[in-house]
Amino acid sequence: MVINIGDVKDGRFDVVEDEIRQIHEACGGHILKVIIETALLTEEEIIKMCEVVTNAGAEFIKTSTGFSTFEHVALMKKHVGEGVLVKAAGGISSIEDAEKFIELGASRLGTSRIVKIVKNQSVEEGTY
């Protein structure tokens with residue numbers, strides 16, 4: 001799910017938390033990833049969203065629908081509660097980027113470019 005950015009910008013974190021909680025309950029035990037659109041949020045809002053996502057019981061907090069920075073992932077990892085995993089999505093254009101995101105605390109990566117890079121390297125190296 002993607003959070004309601006308007007509610008976050010209006011400081012209506014209680015509304016956002018309630019929505020996440022309701023969607024999580026509707027998932028019936030399936031994993032919920034909450035996309036917080038980090039590029040649109042201030043550092044303080046990202047920290048608050050880590051608290052909100054943790055309190056609502058979601059399994060993952062995700063940077064955005066297509067853009068991640070090392071700083072955002074490190075900040076999220078530092079502020080999420082126990083049991084909440086971080087997913088970095090987008091902005092991962094090399095194996096080195098992927099490794100760095102993992103070192104900073106991402107448990108999962110969302111990228112199509114890495115798959116293409118790895119496939120091309122395998123073909124170039126003669127392995128399939």
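The legends below describe close-up views of one predicted model. Residues are numbered from 1 along each chain as its sequence is written, and side-chain values use heavy atoms, with hydrogens and water left out. Because the model is predicted, local features need pLDDT of at least 70 and side-chain atom pairs count only at pLDDT 80 or more, while totals for chains, interfaces and linings use all residues.

View 1. Valine 53 lies in helix 3 (residues 43–56), where helices (H or I, at least four residues) and strands (E, at least two) are DSSP runs numbered from the N terminus. Valine 53 is buried, with a relative accessible area of 0%; buried means under 20% relative accessible area, exposed over 50% and partly exposed in between, with a 1.4 Å probe and protein chains only. Apart from its neighbours within four places in sequence, valine 53 is in contact with Ile20, Val34, Ile36, Ala58, Phe60, Ile61 and Val84, contact meaning heavy atoms within 4.5 Å.

View 2. Cysteine 50 is itself buried, with a relative accessible area of 0%.

**View 3. Strand 3 between its parallel partners.** Four of the five residues of strand 3 (residues 85–89) are buried, so this strand is largely enclosed by the rest of the structure. Strand 2 (residues 60–62) runs parallel to strand 3 and is joined to it by three bridges, two strands being paired if DSSP finds at least two bridges between them; lysine 62 has lysine 87 of strand 3 as its bridge partner. Strand 3 also pairs with strand 4 (residues 106–110) in the parallel sense, over four bridges, and here the bridge partner of alanine 88 is leucine 109 in strand 4.

**View 4. The two faces of helix 4.** In helix 4, His72, Val73, Leu75 and Met76 are buried. Seen down the helix axis, the buried residues of helix 4 fall within an arc of 165°, so they line one face of the helix, the arc being that of the directions from the helix axis to the C-beta atoms. Glu71 and Lys78, on the other side of helix 4, are exposed. The buried residues of helix 4 pack against helix 3, strand 2, strand 3, helix 5 and strand 4.
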